[in-house]
Amino acid sequence: KIVKKYGYTHLSAGDLLREERNSGSKLAEMINTYIAEGKIVPAEVTVGLLLKAMDAASTKKFLVDGFPRNMENLQCWEKDVSQFVNIKFLLFLECPEDIMLKRLLKRGETSGRNDDNVESIKKRFKTYRDSTMPIINHFRNMGKVREIDSTRSEEEVFADVSKLFE
């Protein structure tokens with residue numbers, strides 16, 4: 001909806017990794033192993049895929065989804081990309097794990113993703129708490145976090161998100 005309404009290019013770190021994994025490239029097996037284990041793929045790989053997608057995009061306004069996920073990601077991003085971008089804010093969609101678990105399992109019924117199962121999701125939750133929350137706190141300390149309660153309907157959540165982009 002952000003892409004459609006505001007003209008951003010959506011770059012999903014996870015989607016880029018899955019595309020690369022499915023491409024049969026030399027990175028495919030390594031990426032597949034990391035994703036299946038609920039671990040974070042090395043930063044250089046993800047940053048490289050993001051940069052490649054940014055270079056290929058028709059716009060220069062990006063909604064980067066699912067990145068950075070840990071301090072290694074952030075440090076690599078800051079080293080390789082930060083001089084070229086102006087980060088407006090980190091959009092933090094707050095949602096308790098029990099609700100996320102139900103939503104992800106529902107998505108798993110049709111997504112075809114091999115990581116939309118209880119075991120992988122719980123591993124991802126732990127990785128998130130241990131590795132990603134420090135990133136959110138880093139951006140919070142910079143005054144760059146915009147938090148939205150995402151337990152509500154899609155329409156209510158997007159109404160609040162829209163206020164951030166206007």
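**Reading the terms: burial, capping, core and rings**

Trainee: Why does Cys95 count as buried?

Mentor: In this predicted model, Cys95 has 8% relative accessibility. Buried means under 20%, so Cys95 counts as buried.

Trainee: What makes Cys76 buried?

Mentor: Cys76 has a relative accessible area of 5%. The cut-off is under 20%, so Cys76 is buried as well.

Trainee: How many disulfides does a search of the whole structure find?

Mentor: The search finds 0 disulfides.

Trainee: Which residues of helix 5 are buried?

Mentor: Helix 5 spans residues 71-80, and its buried residues are Asn73, Leu74, Cys76 and Trp77.

Trainee: Why can these buried residues be said to line one face of helix 5?

Mentor: Seen down the helix axis, they fall within an arc of 165°, so they line one face. Gln75 and Lys79 are exposed on the other side of helix 5.

Trainee: Against what do the buried residues of helix 5 pack?

Mentor: They pack against helix 4 (43-56) and helix 7 (118-141).

Trainee: What makes Asn70 a cap of helix 5?

Mentor: A side-chain oxygen of Asn70 lies 3.2 Å from the backbone nitrogen of Glu72, at the N-terminal end of helix 5. A polar contact requires N or O atoms within 3.5 Å, so this pair qualifies. The side chain of Asn70 also reaches the backbone nitrogen of Asn73, at 2.7 Å, and by that cut-off this pair is a polar contact too. Asn70 itself is placed in the loop between strand 2 (62-65) and helix 5.

Trainee: How do you know whether Asn70 is buried or exposed?

Mentor: The relative accessible area of Asn70 is 13%. Buried is under 20% and exposed is over 50%, so Asn70 is buried. Leaving aside neighbours within four places in sequence, Asn70 is in contact with Ile40, Ser131 and Ile135.

Trainee: What makes Asn73 buried?

Mentor: Asn73, a residue of helix 5, has a relative accessible area of 2%. With the limit at under 20%, Asn73 is therefore buried. With neighbours within four places in sequence left aside, its contacts are Ile40, Val41, Ala43, Phe67 and Pro68.

Trainee: Which residues have the most contacts inside the largest nonpolar core?

Mentor: They are Leu11, Leu17, Ile31, Val45, Leu50, Phe67 and Trp77, in a core of 20 residues. Helix 2 (13-22), helix 3 (28-36), helix 4 and helix 5 each give two or more residues to this core. Helix 4 gives the most, with 7 residues. As for Phe67, neighbours within four places in sequence left aside, it is in contact with Ala13, Thr46, Val47, Leu50, Asn73 and Trp77.

Trainee: Why is the aromatic pair of Tyr8 and Phe165 called edge-to-face?

Mentor: The structure holds 4 aromatic pairs, and in this one the centres are 5.4 Å apart with 85° between the planes. Tyr8 lies in the loop between helix 1 (2-6) and strand 1 (9-12) and Phe165 in helix 8 (residues 154-165), so the pair ties together parts 157 residues apart in sequence. Tyr6, Tyr8, Phe89 and Phe165 form one aromatic cluster.

Trainee: What makes Phe165 buried?

Mentor: Its relative accessible area is 18%, and the limit is under 20%, so Phe165 is buried.

Trainee: How do you know whether Lys60 is buried or exposed?

Mentor: Lys60 has 59% relative accessibility. Exposed means over 50%, so Lys60 counts as exposed. Its place is in the loop between helix 4 and strand 2. The side chain of Lys60 reaches the backbone oxygen of Met54 at 3.1 Å; the cut-off for a polar contact is within 3.5 Å, so the pair qualifies.

Definitions and conventions. Residues are numbered from 1 along each chain as its sequence is written. This is a predicted model: local features need pLDDT of at least 70, side-chain atom pairs count only at pLDDT 80 or more; totals for chains, interfaces and linings use all residues. Side-chain values use heavy atoms; hydrogens and water are left out. Buried means under 20% relative accessible area, exposed over 50%, partly exposed in between (1.4 Å probe, protein chains only). Helices (H or I, at least four residues) and strands (E, at least two) are DSSP runs, numbered from the N terminus. The arc is that of the directions from the helix axis to the C-beta atoms. Contact means heavy atoms within 4.5 Å. A polar contact is a pair of N or O atoms within 3.5 Å; within protein, one must be able to donate a hydrogen and the other to accept it, and residues adjacent in sequence count only if both atoms are side-chain atoms. A nonpolar core is a set of buried Ala, Val, Leu, Ile, Met, Phe, Trp, Tyr and Cys residues joined through side-chain atoms within 4.5 Å. Rings of Phe, Tyr and Trp (its six-membered ring) pair if their centres lie within 6.5 Å; planes under 30 degrees apart count as stacked, over 60 as edge-to-face and the rest as tilted. A disulfide is a pair of cysteine sulfur atoms within 2.5 Å.
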